[in-house]
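This report concerns a protein model with its ligands. Please consult the sequence and the structure shown here while reading.

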Amino acid sequence: MIDQQKYSRLLLTGAGGGLGKVLRERLLPYANVLRVSDRIDVGPANTAEEVVTCDLADKDAVDQLVRGSDAVAHFGGISLEDRFEPILQSNIVGVFNLYEAVRKHGVKRVVFASSNHVTGFYKQSEKIDVDSPMRPDTLYGLSKCFGENLSRFYFDRYGIETVCLRIGSSFPVVKDRRMLATYLSYDDLVELVRCALFAPNAGHTVIFGASDNSTMWWDNRKAAHLGFKPKDTSDVQRVRVEAANPPLDPSNPVGIFQGGAFVCAGPFDD
Ligand code: NAI
Ligand code: 15L
């Protein structure tokens, strides 16, 4: 059971990405040492940081990366639809390598950046919860299903706790009509990650990551034990967003399915 508000060494993967840059700054209070990693250069270590450049597909390198950490915020990986090979290496082999290292080095908890694209083929007119069957909308979404199921296996078999965050759309502002439902502000993202890192008895929990938006497709009541209460809302951006984005044709799948444009992305030729 986690009964603390600070880890000795917290590993953040994907530190060079959009969310990784935000979390690199904002997770510092929650660890004596924040180990930041990516396969791209993330610059020099700041105070209380360690920097490790590592490709998640490299098993031995991931083993060394995880060694000495007591928790992991796993935000590294391919974050959009792509060809199968890069998804396989970064998101499938990569997440396996991570959990094997986590098991070997006795890491207590993982926060896994999953995605709403695990359930992207539900309609926008439907409300789902964390037990609704997965309906991935892309190879990318499918790789996140693998990560969620892998983490479930590592909990059932080895007792390693994971909170899977099915993040909606976490960006500085709301960009389109779909994001009125999927928006997760950066402040709410950080609070969600904090809850996921420190909630006692998280076990294996799945939660959708969205701010307190009026349009809401996701029911998080089964994850209430995490204590996540979003403070922001897309509602204050609605007038601007609707004026800038005329409604889509009702037959356009982008406006029908929760995954939006992802349901039409690819396939990409190898
Ligand atoms: P991003 O693409 O900006 O960052 C991902 C980072 O992972 C990149 O810096 C990339 O270099 C790194 N990476 C990719 N493959 C790697 C590998 N094999 N080894 C090491 N590092 C590797 O993505 P973003 O937006 O920061 O998202 C972070 C995580 O959150 C991703 O896993 C994404 O799937 C997930 N997510 C993000 C959402 C959002 O709204 N930003 C929504 C849903 C999920
Ligand atoms: C995701 O999973 C992506 O990583 C992110 O870039 C956005 O496209 C987001 O989903 C979304 O659904 O808006």
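The model is predicted: local features require pLDDT of at least 70, side-chain atom pairs count only at pLDDT 80 or more, and totals for chains, interfaces and linings use all residues. Residues are numbered from 1 along each chain as its sequence is written, chains are lettered from A and ligands numbered from 1 in the order in which they are written, and side-chain values use heavy atoms, with hydrogens and water left out.

**Ligand 1**

A residue belongs to a ligand shell if one of its heavy atoms lies within 4 Å of the ligand. By this rule 27 residues surround ligand 1, and Leu19, Asp38, Ser79, Tyr140 and Ser170 are the closest. The shell divides into 10 nonpolar, 13 polar and 4 charged residues; here Ala, Val, Leu, Ile, Met, Phe, Trp, Tyr, Cys and Pro count as nonpolar, Asp, Glu, Lys and Arg as charged, and the others, Gly among them, as polar.

Helices (H or I, at least four residues) and strands (E, at least two) are DSSP runs, numbered from the N terminus. Helix H1 (18-26), strand S5 (109-115) and H4 each supply at least two residues of the shell around ligand 1, and the largest share, 3 residues, comes from S5.

The table lists polar atom pairs between protein and ligands. A polar contact is a pair of N or O atoms within 3.5 Å; within protein, one must be able to donate a hydrogen and the other to accept it, and residues adjacent in sequence count only if both atoms are side-chain atoms.

| Protein atom | Ligand atom | Distance |
|---|---|---|
| Gly17, backbone N or O | ligand 1, oxygen | 3.1 Å |
| Gly18, polar backbone atom | ligand 1, oxygen | 2.9 Å |
| Asp55, polar side-chain atom | ligand 1, nitrogen | 2.9 Å |
| Ser79, polar backbone atom | ligand 2, oxygen | 2.6 Å |
| His117, side-chain N or O | ligand 2, oxygen | 2.7 Å |
| Tyr140, polar side-chain atom | ligand 2, oxygen | 2.6 Å |

On its own, ligand 1 has 820 Å² of accessible area, of which the protein covers 88%. Accessible areas come from the Shrake-Rupley method with a 1.4 Å probe; for residues, only the protein chains shown count as cover.

**Ligand 2**

Which residues are around ligand 2? They are Ser79, Leu80, Ser115, Asn116, His117, Tyr140, Gly168, Ser169, Phe171, Arg178 and Phe262. By class, this shell has 4 nonpolar, 6 polar and 1 charged residues. An oxygen atom of ligand 2 is 2.7 Å from an N or O atom in the side chain of His117, and the protein covers 82% of the 320 Å² of accessible area that ligand 2 has on its own.

On a 1 Å grid over the protein atoms alone, a cavity is a set of points where a 1.4 Å probe fits but cannot get out, and a pocket is an open set with protein on both sides within 12 Å along at least five of seven lines; lining residues have an atom within 4 Å of a point. Grid points are joined across faces, edges and corners, and a volume is the space filled by probe spheres set on the points.

The count comes to 1 cavity of 30 Å³ or more. The largest cavity holds about 50 Å³ of space. Its lining consists of His74, Gly76, Gly77, Ser90, Asn91, Val95, Phe112, Ser143 and Lys144. Helix H3 (84-104) gives the most to this lining, with 3 residues.

The second largest pocket contains about 310 Å³ of space. Among its 18 lining residues, Trp218, Asn220, Arg221, Phe228 and Pro230 are the closest to its centre. Strand S8 (204-209) and strand S9 (218-219) are the elements that give two or more residues to that lining. By class, the lining has 9 nonpolar, 4 polar and 5 charged residues.

**Single residues**

Ser151 is placed in helix H4 (residues 139-158). Ser151 is buried (under 20% relative accessible area; exposed is over 50%, partly exposed in between, with a 1.4 Å probe and protein chains only), its relative accessible area being 0%. The Ser151 side chain makes a polar contact of 2.8 Å with the side chain of His204.

Ala48 lies in the loop between strand S2 (31-38) and strand S3 (49-53). Phi of Ala48 is near 65°, a positive value in a residue other than glycine, and Ala48 is partly exposed at 35% relative accessibility. A cis peptide bond joins Gly266 and Pro267, with omega about -5°; Pro267 is found in the segment after helix H8 (253-256).
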